[in-house]
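Here are a few notes to read alongside the structure.

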Amino acid sequence: MEQSANFLYGLLIIFLSSLFPNCCWAKPTPSSLSKPSYDRSVWEHVNKTCLSHDCDENVNIQHLQHMATHMNRAIDPCENFHEYACGQWKMQHEEHTTMAVGERLLTERYEEIFARAKPNPLRGDRVYEKLQLYYDVCRESEREEKASWRHYVGALRAMGYLHFRHNESHWLGTLRDLNLFSNMRIFLFGHVERQNYSQFMLNLYPHDVDERVQLTQEIHDIFRHYNYTQKTLEDLRGQFENLEMDLENILRPSCANAIRDEDGECDLSQELSWQELLQRNSSINWQLLLSGFSLEPEDVVTANDFESMEKIKNYLDASSPRLLFLYSLTRFLNYLQNHPHNIVGKGGQPPACLRHMRKIFPLTMNYVYDRIFYNPERRSLSDPIITTIFEELKSEFSLSLDRNAMQLSAESIQYLKAKLKTLQLNIGNLPKNVSHEFYREFVGDLNINREQSFYWNHLEALRHFFRRHRRLASPSKFSPVWYSFNLHMPDFWDNLDTTAYYFSRANYIVLPFAYLQLPFYDHRFWPSLLYGDLANTLGHELIHAFDTKFLFYDHAGNYNEDLAMDIINNANFQSNRQCLEREPTEFLSERIADISGTRLALRTFIKNPEFLKHNGKLFFLQFAQFFCGSADRQAFAQLDSVHDPDSVRLNYTLAHIPEFAEVFECPLGSPMNPIEKCKLW
């Protein structure tokens with residue numbers, strides 16, 4: 001036991017020697033690692049206690065070894081900390097970002113669940129068995145021929161849809177049928193949206209002109225295969241372009257006389273009950289269009305721009321039924337093509353099938369992961385650690401509001417404190433306090449059939465998802481537990497699916513399972529590692545609740561422009577904001593969350609100057625691991641369209657943290673220690 005401990009201490013000294021090059025000890029050789037003869041004065045001041053009662057030194061040492069493989073010690077950390085902390089990262093990983101590594105590791109765990117290679121404690125569980133069946137069908141999807149979008153059309157026809165008859169087919173019926181399997185934003189559409197912490201609502205919209213049709217040669221070949229058209233590809237593209245232009249012209253003048261907000265958007269919405277909508281003098285057959293929604297007479301609906309919707313309906317009624325049928329089908333295929341991890345083009349290999357399943361079954365895939373990997377025993381050890389740090393961050397930010405450095409009004413401070421007090425955390429993005437029966441009931445009407453093709457089963461899975469999601473338009477049709485988590489849509493962004501995010505409409509932070517694993521988190525981490533990533537991540541998302549974008553949503557998730565603008569128009573708030581904008585960025589809210597979130601995590605972590613001296617470097621190095629990656633600016637923009645590149649974010653953030661310059665002894669005026677430092681909160 002003593003030899004093992006001494007070996008670990010030796011490894012720790014090797015790592016710390018790279019952080020403290022001026023310390024006076026002899027770097028241990030492999031032969032000396034088993035002998036307790038080296039100076040322990042360096043590592044003995046590193047806080048190696050744990051918040052968890054099952055602290056494991058091996059986990060921490062192995063993680064330090066992992067971090068060391070990423071470092072480029074030839075780089076001065078005061079010149080480019082990202083290159084110093086992450087310069088060798090690309091030599092260890094094929095992925096372009098750290099979160100892509102987390103995605104791969106999560107997928108590998110799911111593969112353990114569904115590969116049937118070893119006994120599974122969920123065998124016999126109705127939820128697991130249906131997912132297992134879907135996985136098996138997906139794996140066999142290319143057994144006979146390569147996956148093709150044509151198979152989806154064939155499956156829909158086998159279900160009784162897409163049989164165009166010129167004198168019988170109507171655009172409204174086609175739209176209704178395709179919307180059983182999608183949430184397309186074409187012609188006239190209804191979406192169930194989260195309104196606030198305790199309300200969903202059906203919102204009705206006219207055609208979304210920002211989304212354009214993509215008619216490819218493959219889709220045109222499908223049309224010819226089923227004898228839907230004899231027109232050439234170019235002729236059909238021209239007709240689609242004219243259709244979209246006409247729809248845009250109908251919508252363009254709708255805001256001419258309306259009041260616009262600061263983003264140029266106009267509000268033409270009107271709330272009314274479902275019964276009032278049906279009784280309204282309208283030429284639109286709302287019952288046919290919204291037949292997929294089970295609404296009660298008293299359920300509230302928000303209609304956006306009645307006048308334009310009526311004009312669009314009249315225009316479509318006078319248009320070619322065949323053209324509208326082909327346009328609708330093209331947009332539906334575009335909808336499927338835009339789903340992340342669809343197996344067409346990726347094949348039916350385990351990673352492709354499992355990533356696809358995480359998108360199409362977000363709730364139940366989280367359920368099986370929670371049962372197997374983040375099981376009750378692990379959750380009982382991990383959740384209290386996460387919750388403790390979250391509450392510490394909230395307490396520290398509350399003290400910051402008490403200090404009121406920006407001299408905000410008493411009403412503004414009250415607004416901010418109410419939001420902070422009700423801010424919640426969902427670990428794993430699962431409904432709270434439900435039994436296994438909740439999940440079994442959820443999949444009760446999910447129809448997965450081994451005798452049918454993958455495409456048929458995929459469409460049935462989409463039908464099931466949207467049937468369940470549309471129940472949320474009617475409060476009497478679902479339990480309040482649905483307010484406690486965020487049911488991701490099938491086209492939910494990858495970069496939000498794999499890391500924590502703040503959900504403004506419900507005022508809570510989601511911490512997904514993709515984050516709750518090494519190299520980001522382990523409940524047995526030492527404080528410098530635990531706070532270096534977890535506290536920074538939670539602090540970042542907490543600050544999002546108070547950034548320039550989400551500040552407009554109050555403690556209950558309601559939009560409150562007046563109180564938000566009172567804060568934003570404060571002279572000190574504006575001064576801080578202008579400082580942050582001096583170095584251009586398209587993502588100001590992320591910059592605010594980066595800098596103020598890190599400041600918050602650091603204030604929560606630091607006990608005293610001596611504590612910072614001995615633990616600060618590990619804290620900042622662990623923080624850097626989240627931003628390690630090899631993607632350049634152009635490649636990164638394709639992977640993540642809502643953040644600056646990782647290297648830019650990390651270096652800019654730490655350059656504005658005085659404690660970073662202190663622990664790394666960066667000269668004033670060096671790249672990582674500029675004379676002017678910016679912050680918001």
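This is a predicted model: local features need pLDDT of at least 70, side-chain atom pairs count only at pLDDT 80 or more; totals for chains, interfaces and linings use all residues.

1. Contact here means heavy atoms within 4.5 Å. Apart from neighbours within four places in sequence, Asn 342 is in contact with Trp 149, Tyr 152, Leu 336, His 356 and His 458. With Tyr 152 there is also a polar contact, side chain to side chain, at 3.4 Å. Asn 342 sits in the loop between α14 (321–337) and α15 (350–360), and its relative accessibility of 3% makes it buried.

2. Next, a look at another loop residue. Ser 198 is placed in the loop between β1 (188–196) and β2 (199–206). Its relative accessibility is 46%, so Ser 198 counts as partly exposed.

3. How do α9 and α10 pack? The axes of helix α9 (residues 217–225) and helix α10 (residues 233–251) come within 11 Å and cross at roughly 105°. Angles of 65 to 115 degrees count as roughly perpendicular, and therefore α9 and α10 are described that way. On the α9 side, Gln 217, His 220 and Phe 223 meet Leu 233, Leu 236 and Arg 237 of α10. Sorted by class, this contact has three nonpolar, two polar and one charged residues.

4. Now to the charged pairs. Side chains of opposite charge can pair when their charged atoms come close. Searching the whole structure gives 34 salt bridges. One of them joins Asp 56 and Arg 524, with the closest N and O atoms 3.8 Å apart. This pair links distant parts of the chain, 468 residues apart: Asp 56 is in the loop between α1 (2–19) and α2 (57–70), and Arg 524 in the loop between β7 (508–511) and α22 (527–544). Asp 56 is partly exposed, at 23% relative accessible area.

5. Asp 383 and Arg 379 form a salt bridge with closest N and O atoms 2.8 Å apart. Both residues belong to helix α17 (residues 376–403), where they are four residues apart, about one turn of the helix. Asp 383 has a relative accessible area of 15% and is buried.

6. Finally, Arg 468 forms a salt bridge with Asp 445, the closest N and O atoms being 3.3 Å apart. Arg 468 lies in helix α20 (residues 454–470), while Asp 445 is in the loop between α19 (436–442) and α20. Which partner is buried and which partly exposed? Arg 468 is buried at 6% relative accessibility, whereas Asp 445 is partly exposed at 26%.

Notes. Residues are numbered from 1 along each chain as its sequence is written. Side-chain values use heavy atoms; hydrogens and water are left out. Helices (H or I, at least four residues) and strands (E, at least two) are DSSP runs, numbered from the N terminus. Buried means under 20% relative accessible area, exposed over 50%, partly exposed in between (1.4 Å probe, protein chains only). A polar contact is a pair of N or O atoms within 3.5 Å; within protein, one must be able to donate a hydrogen and the other to accept it, and residues adjacent in sequence count only if both atoms are side-chain atoms. Axes are lines fitted to C-alpha atoms, for helices over the stretch in contact, and angles run from 0 to 180 degrees between N-to-C directions. Angles under 35 degrees count as roughly parallel, over 145 as roughly antiparallel, 65 to 115 as roughly perpendicular and the rest as oblique. Ala, Val, Leu, Ile, Met, Phe, Trp, Tyr, Cys and Pro count as nonpolar, Asp, Glu, Lys and Arg as charged, and the others, Gly among them, as polar. A salt bridge is a side-chain nitrogen of Lys or Arg within 4 Å of a carboxyl oxygen of Asp or Glu.
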